[in-house]
Amino acid sequence: TLSEFKDTMEASLDQWRKEGRNGVWMHIPIEHVEYVPVATKQYGFDFHHAEPGYVMLVKWIGNGPSTIPANASHTVGVGAFVLNDKGEMLAVREKSGPAAQLKTLWKVPTGLIDLGEEVHEAAAREVREETGIDAEFEGISSIRMAHGGPKVLGGKSNVYFTVRMKAKNTDIVACA
């Protein structure tokens with residue numbers, strides 16, 4: 001019901017803020033379109049995109065400017081294999097997002113490339129955002145295309161680059 005939605009929304013936003021989450025994505029199926037005016041007018045959500053059968057709303061609850069990506073027909077992502085002078089590879093565990101659910105998963109820094117951003121710039125930004133490490137781009141290792149991506153990204157096709165980078169420093173900073 002609409003009343004339950006409001007109660008859940010207030011409790012969820014409070015919890016997510018306490019957990020230090022930044023961006024909130026709300027997938028509303030067409031069967032619950034009555035939630036849209038409540039989410040937008042009472043809780044400050046914005047429209048991100050709509051596809052047949054649903055509308056996606058977003059809300060930035062973090063500090064600073066929003067890093068929620070704009071809608072597109074494709075997403076372009078990057079993953080960075082960063083080595084130090086000893087040949088050790090940088091690995092991270094996600095604090096939020098789908099990969100955070102897998103508590104034992106270690107992975108390379110990854111993320112979406114922003115509008116107008118070059119692959120090497122995005123890779124360096126993602127490494128810096130996730131670890132505090134500055135890394136120098138060395139080259140593209142692979143490119144792949146996948147279709148029917150995750151629901152949170154609207155099921156869009158994804159072009160994904162893996163790149164090689166060299167760490168300029170080794171002082172890892174736990175980032176939000």
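Cover here is by contact, meaning heavy atoms within 4.5 Å. Helices (H or I, at least four residues) and strands (E, at least two) are DSSP runs, numbered from the N terminus.

A word on the model. It is predicted: local features need pLDDT of at least 70, side-chain atom pairs count only at pLDDT 80 or more, and totals for chains, interfaces and linings use all residues. Residues are numbered from 1 along each chain as its sequence is written, and side-chain values use heavy atoms, with hydrogens and water left out.

Back to H2. The helix covers residues 35–42, and its buried residues are Tyr35, Val36, Val38, Ala39 and Thr40. Buried means under 20% relative accessible area, exposed over 50%, partly exposed in between (1.4 Å probe, protein chains only). Just after H2 comes Gly44, with a positive phi of about 75 degrees.

Next, Asp14. This residue sits in helix H1. Why does Asp14 count as partly exposed? Because its relative accessibility is 43%.

Now the whole chain. There are 3 helices and 7 strands. From the N terminus, the order is α-β-α-β-β-β-β-α-β-β. The C-alpha trace spans about 60 × 35 × 30 Å along its principal axes. The chain has 176 residues, and 36% of them count as buried. Of the contacts with a separation of 6 or more, 62% join residues 24 or more positions apart.
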